[in-house]
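Trainee: I'd like to go through this structure with you, slowly if that's all right. Could we begin with whatever I need to know before looking at the strands?

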Amino acid sequence: MARIGVFICHCGTNIAGVVDVDEVVKAAGKFPGVAYATEYKYLCSEPGQQTIKAAIEEHNLDRIVIGSCSPRMHEVTFRKMLMSTKINPYMLEVANIREQCSWVHTDKEKATEKAIDLTRMAVAKVCKSKPLFPDSIGVTKRALVIGGGIAGIQAALDIADAGYAVDIVEKEASIGGHMVMLDKTFPTLDCSACISTPKMVEAGAHPNVTLRAYCEVESVKGYVGNFEVDIRQKAKYVDHDTCTGCGACEVKCPIKVSSAFNQGMCDRTVMYKPFPQAVPSKPVIDALNCRKISGDGKCGVCAAVCPLKAVNFEDKGEIITEKYGAIIVATGYELIKWQDIYPEYGGGRFEDVITGIQFERLVNASGPTEGHIRRPSDGAEPKDIAIIKCVGSRDINKGKAYCSRACCMYSAKHAHQILEKIPDGSVHIFYMDVRTPGKGYEEFYDRTREDGANYIRGRVSKIFKEGNKLICKGEDTLLGKPVSVEADMVILETAMVPATDISKLTGILSIGSDTDGWVQEAHPKLRPVETQTAGIFLAGTCQGPKDIPDTVAQGSAAAVKVCSLFSKVQMETSPIISAVDREKCSGCEMCIPCCPYKAITVIEIDMHEHGKKVKMNVSDVNSGLCQGCGACAGACRSGAIDLKGYTNDQILMEVDALCL
């Protein structure tokens with residue numbers, strides 16, 4: 001006979017403010033199998049856990065039900081507590097009487113009745129619980145970082161410094177990401193390249209780091225501790241093992257195209273390095289625009305001038321397969337394509353309406369104008385400049401509902417740089433709100449206003465051209481009247497959006513994304529750098545908009561998670577996984593497409609039927625890959641699959657208890 005202990009948490013007033021906890025305890029004490037029922041103000045606290053432990057010994061309990069907050073919040077906490085008792089940690093059931101009850105109801109009588117029902121269901125389910133025991137698997141102590149921006153670089157260096165091997169896969173020809181495009185960083189106005197390029201060089205030279213630039217992840221198989229990854233090395237048409245990066249081929253290349261690194265504000269050659277400080281510091285060929293590869297085949301100047309014969313026009317790329325124990329996603333962000341959604345701002349027709357990242361290249365000493373602020377249309381120095389914030393951010397009608405976080409400080413920095421380089425100039429900043437949440441940010445914003453920046457609260461409704469001037473029509477909502485600003489140049493601070501093809505990568509990795517396309521973390525507060533797929537972690541702006549300090553911090557946080565995983569010789573896996581009853585399995589394979597983690601395969605086994613030995617196809621679950629979602633159990637037509645800890649018998653017991 002089961003001896004169940006029921007413990008109801010007040011959670012301060014989170015639960016007790018709406019639910020009559022004493023009534024729930026009184027009702028629970030009468031449920032079949034309950035040997036002891038009580039309440040406590042904070043069960044997750046140390047005294048609360050000690051109360052449970054003492055009750056287990058005193059009342060000889062063998063199963064536990066805790067009525068508290070969501071199992072997602074503290075189920076692991078209570079399981080760890082039970083590990084120091086005689087009760088198996090999986091003989092526990094958590095009734096969610098906070099999120100599913102007290103937080104969604106105001107009627108105390110009905111909320112109490114519902115809490116009693118939820119507790120009754122938990123008691124019924126735990127009656128059918130069986131002890132579960134985790135398995136263990138080996139760990140490949142090599143990490144993969146997808147993305148070579150500052151988040152990926154920081155994560156890789158931290159892992160490498162801990163003594164573990166790590167590969168950085170970057171789809172561009174150099175690591176560095178967006179940070180190397182910037183001129184200065186707020187609020188200290190440090191040179192961005194002075195901060196990021198030493199990190200890039202360190203990553204390129206570190207003995208534990210392997211750079212795989214100009215590569216993309218093609219497929220991922222396996223599970224935590226044992227991932228097998230196919231990486232596609234794109235054709236570089238230059239043998240980097242032979243090439244010394246002398247630059248002769250770049251200088252002689254006769255074909256030029258728009259420079260993506262300089263945001264289309266100047267040209268680059270088809271044989272190119274993205275920027276002078278690139279790591280690796282060796283060129284690749286832009287095959288789509290190369291006359292020799294994609295044209296009439298009559299050029300080949302680069303091959304002729306290369307003293308080491310490193311140019312190879314027959315390069316086809318290759319697939320590299322490596323094994324990793326953990327993966328960090330650090331794919332970064334892109335800026336919203338504002339031209340398509342804001343025709344009222346010219347839709348890209350006016351050369352002097354530029355984005356914030358284009359301005360970064362203009363003001364950068366290594367940019368197309370060597371740091372001199374010039375209008376793209378005629379090269380003249382602009383005297384009057386308008387900055388428009390939240391272009392695509394906080395706009396549910398045309399753009400994104402979320403705040404891009406960095407734009408307020410980004411625009412303040414731009415205003416400061418303009419007024420510093422053009423002392424007789426003027427800056428007008430159109431804003432909705434000013435948000436300065438970081439250390440030293442408010443002081444920097446105040447300094448920008450003291451420099452002379454004119455902040456106008458309101459959106460710009462239209463930009464049009466009159467002569468050589470751009471007219472910004474809007475409204476000053478503080479004064480409650482229309483406003484018109486004449487500008488020589490307009491800077492749009494555009495929204496951050498997820499990187500291109502991130503949905504393809506999340507599909508390959510079997511991880512989730514939110515409604516805006518950002519990669520979804522396992523829990524926003526308690527597991528902010530983890531995903532629901534064990535062994536895959538997040539760093540930087542793949543998860544959502546961030547500034548550089550938060551991005552770097554998250555890169556290090558993800559690295560710590562990886563190092564923690566690698567510190568184990570054997571790693572425990574959750575026992576809450578699907579199990580197949582081979583006697584019932586018909587081999588229909590309906591479960592295979594239902595599994596989002598690719599954890600189910602079909603195997604052939606020997607069975608005895610009518611006294612004869614026959615071969616049968618049955619489903620088999622990989623315990624390392626299975627995440628216990630239960631999709632296969634619901635899809636199984638023959639009822640051959642059960643999810644341990646959530647078996648059909650347990651669920652039916654809950655339903656029966658609710659119907660009493």
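Mentor: Let us begin with a term: two strands are said to pair if DSSP finds at least two bridges between them. Please also keep in mind that what you see is a predicted model.

Trainee: Okay, so in what order do the four strands of the open sheet come, and is the pairing parallel or antiparallel?

Mentor: The four strands form an open sheet in the order 2-1-3-4, and the pairing is parallel. At the edges you find strand 2 (34-40) and strand 4 (92-96), each of which pairs on one side only, and from one strand to the next the twist averages 15°.

Trainee: How many bridges are there between strand 3 and strand 4?

Mentor: Strand 3, which covers residues 63-68, pairs with strand 4 in the parallel sense over five bridges. If you want to find one place in that pairing, look for isoleucine 66, whose bridge partner in strand 4 is valine 94.

Trainee: And which strands does helix 4 touch?

Mentor: Helix 4 (residues 108-127) packs on the sheet and touches strand 1, strand 2, strand 3 and strand 4, and its direction makes about 165° with that of strand 4. Helix 1 (residues 21-28) also packs on the sheet, where it touches strand 1 (4-9) and strand 2, with its direction at about 170° to that of strand 2.

Trainee: Switching to helices on helices: at what angle do helix 2 and helix 3 cross?

Mentor: The axes of helix 2 (residues 46-59) and helix 3 (residues 71-82) come within 10 Å and cross at roughly 45°, and the two helices are therefore oblique to each other. Their crossing is right-handed.

Trainee: Which residues make that contact?

Mentor: From helix 2 the contact takes Gln49, Ile52, Lys53 and Ile56, and from helix 3 it takes Thr77, Phe78, Met81 and Leu82. Sorted by class, the contact of helix 2 with helix 3 has five nonpolar, two polar and one charged residues.

Trainee: What about helix 5 and helix 6, is that crossing left-handed or right-handed?

Mentor: The crossing of helix 5 and helix 6 is left-handed. The axes of helix 5 (residues 150-161) and helix 6 (residues 192-205) come within 10 Å and cross at roughly 45°, which makes helix 5 oblique to helix 6.

Trainee: Who meets whom there, and how do the residues divide by class?

Mentor: In helix 5 the residues are Ile150, Ile153, Gln154, Leu157 and Asp161, and they meet Lys199, Met200, Glu202 and Ala203 in helix 6. The residues of this contact of helix 5 with helix 6 divide into five nonpolar, one polar and three charged.

Trainee: New topic: why is strand 21 described as largely enclosed by the rest of the structure?

Mentor: Strand 21 (residues 384-391) has eight residues and seven of them are buried, so it is largely enclosed by the rest of the structure. Strand 21 also pairs with strand 22 (residues 426-431) in the parallel sense over five bridges, and within that pairing isoleucine 387 has isoleucine 429 of strand 22 as its bridge partner.

Trainee: Last one, how many helices and strands does the protein have?

Mentor: The secondary structure comes to 18 helices and 34 strands, and of the 660 residues of the protein, 51% count as buried. Taken along the principal axes, the C-alpha atoms fill a box of roughly 90 × 70 × 40 Å.

Notes: Residues are numbered from 1 along each chain as its sequence is written. This is a predicted model: local features need pLDDT of at least 70, side-chain atom pairs count only at pLDDT 80 or more; totals for chains, interfaces and linings use all residues. Side-chain values use heavy atoms; hydrogens and water are left out. Axes are lines fitted to C-alpha atoms, for helices over the stretch in contact, and angles run from 0 to 180 degrees between N-to-C directions. Angles under 35 degrees count as roughly parallel, over 145 as roughly antiparallel, 65 to 115 as roughly perpendicular and the rest as oblique. A crossing is left-handed if the near helix is turned anticlockwise from the far one by less than a right angle, and right-handed if clockwise. Contact means heavy atoms within 4.5 Å. Ala, Val, Leu, Ile, Met, Phe, Trp, Tyr, Cys and Pro count as nonpolar, Asp, Glu, Lys and Arg as charged, and the others, Gly among them, as polar. Buried means under 20% relative accessible area, exposed over 50%, partly exposed in between (1.4 Å probe, protein chains only).
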